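Hi,

Here is the structure I promised to pass on. Please have a look, and then read on for what turned up in it.

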Amino acid sequence: MTVTVGSAGSAEAAEAEAEEAAENEVGAGPRDALRLLCRDPRTADGLPWGRAHAVFDASPDVAEVVARQDLEDWLDCGLLHYPVLNAMRGGTPVPPEELTRVLHVSGDPRGGYVDGAKVRSQLAAGATVVVQNLHEWHRPAQRLCRRLARLFSARAGAVAFWTRAGEDGLRVHRDDGHLFVVQITGTKRWYLYDTPREAADWRPGYVPEQAVAGAETVDLRPGQVLYLPEGIAHHTRTLDTESVHVTVAIREPGLRDTVELAVRACLARVPDHAALSGTTAEREGAADDLLTRLADALGRVDRAALVRDVSRRAAETRGSR
């Protein structure tokens with residue numbers, strides 16, 4: 001084995017430089033973020049952000065964000081705790097006692113630690129194993145999500161899914177964020193239905209089967225990424241071999257977040273102890289005066305500063321939710 005003196009320090013320095021350079025990427029926009037995800041950055045120019053699904057080849061860092069062996073190591077050599085690792089079977093959560101064990105730490109019994117043998121048993125019985133919050137503790141996912149958060153000016157989080165061959169995933173549902181599905185091993189078939197055009201036309205969560213029809217199928221293979229715009233109805237099935245995929249969710253700032261931030265800034269001028277008092281007529285007059293002043297203050301809000309603030313807050317928030 002050849003050892004290069006100073007290689008660790010060089011790697012750390014390179015990582016620090018990359019982190020510093022990434023600070024300048026805040027708000028660069030979806031197209032720059034898509035280039036980071038694509039093996040050929042030119043592919044990003046033709047991707048239909050927010051309008052329709054798409055499949056493309058992942059860049060090397062994205063394709064290797066989680067390895068199949070990582071899952072085995074987390075079961076055998078890790079300290080994962082429920083519900084960071086959980087499982088679903090037939091659309092129903094597997095009870096934690098069927099996935100966990102008691103670990104004695106300095107003689108004290110501590111429950112809720114993942115039991116590798118139990119998890120593998122659930123996997124063999126048809127459960128989908130879900131590993132949450134990779135952006136919090138798995139370094140490659142953390143780096144990727146932090147950079148995507150800056151580029152998209154949005155929250156970014158990653159979750160891994162492990163399913164044996166021939167099993168279905170969750171029932172038809174909608175997610176309230178843009179999804180990038182990175183296929184690690186195996187082939188997973190995605191059934192895609194519609195892409196909502198207006199936010200008022202849909203809600204996240206399970207969708208009644210009678211409410212969707214005419215699925216388009218996409219078979220996702222290792223090294224590929226499936227982009228799903230916000231709200232598209234979908235469900236999955238693993239084909240002839242087990243599947244491992246990682247979903248990176250991007251949740252952009254909400255209009256409600258923007259309104260709340262603007263209103264809070266205006267309300268900061270109203271003392272907490274100021275009361276609405278007097279007769280009914282006097283209270284109505286005071287309320288009218290307050291709302292008039294609030295409307296005037298909102299009209300003078302610096303829109304550019306407001307957007308920068310809400311974008312920065314989203315990019316700095318850890319996780320996709």
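At what angle do H4 and H5 pack, and how far apart are their axes? The angle is about 135°, and the axes of H4 and H5 lie 8 Å apart. Axes here are lines fitted to C-alpha atoms, for helices over the stretch in contact, with angles running from 0 to 180 degrees between N-to-C directions. H4 is therefore oblique to H5; angles under 35 degrees count as roughly parallel, over 145 as roughly antiparallel, 65 to 115 as roughly perpendicular and the rest as oblique. The element names come from DSSP runs numbered from the N terminus, with helices (H or I) of at least four residues and strands (E) of at least two.

Before going further, two notes on the source. This is a predicted model, in which local features need pLDDT of at least 70 and side-chain atom pairs count only at pLDDT 80 or more, while totals for chains, interfaces and linings use all residues. Residues are numbered from 1 along each chain as its sequence is written, and side-chain values use heavy atoms, with hydrogens and water left out.

On the H4 side, Glu72, Leu75 and Asp76 make the contact, and on the H5 side Gly116, Val119 and Arg120 do (contact means heavy atoms within 4.5 Å). By class, the residues where H4 meets H5 are two nonpolar, one polar and three charged. For the classes, Ala, Val, Leu, Ile, Met, Phe, Trp, Tyr, Cys and Pro count as nonpolar, Asp, Glu, Lys and Arg as charged, and the others, Gly among them, as polar.

Arg120 and Asp76 also form a salt bridge, their closest N and O atoms being 3.0 Å apart (a side-chain nitrogen of Lys or Arg within 4 Å of a carboxyl oxygen of Asp or Glu). This pair links distant parts of the chain, with Arg120 in helix H5 (residues 116-124) and Asp76 in helix H4 (residues 68-77), 44 residues apart. Arg120 counts as partly exposed because its relative accessibility is 28%; buried means under 20% relative accessible area, exposed over 50% and partly exposed in between, with a 1.4 Å probe and protein chains only. Salt bridges link Arg68, Glu72, Asp76, Arg120 and Glu242 in a network.

Across the whole structure, the search finds 18 salt bridges. Another one joins the side chains of Arg237 and Asp168, at 2.7 Å from N to O. Here Arg237 sits in strand S14 (residues 234-238) and Asp168 in the loop between strand S7 (155-163) and strand S8 (173-174), 69 residues apart. Both are partly exposed, Arg237 at 31% relative accessibility and Asp168 at 44%. Arg42 and Asp40 form a salt bridge too, 3.0 Å from N to O; Arg42 is exposed at 65%, whereas Asp40 is partly exposed at 29%.

Lastly, Asp45 lies in the loop between helix H2 (30-37) and strand S1 (54-57). Leaving out residues up to four places away in sequence, Asp45 touches Arg31 and Arg35.

Best wishes
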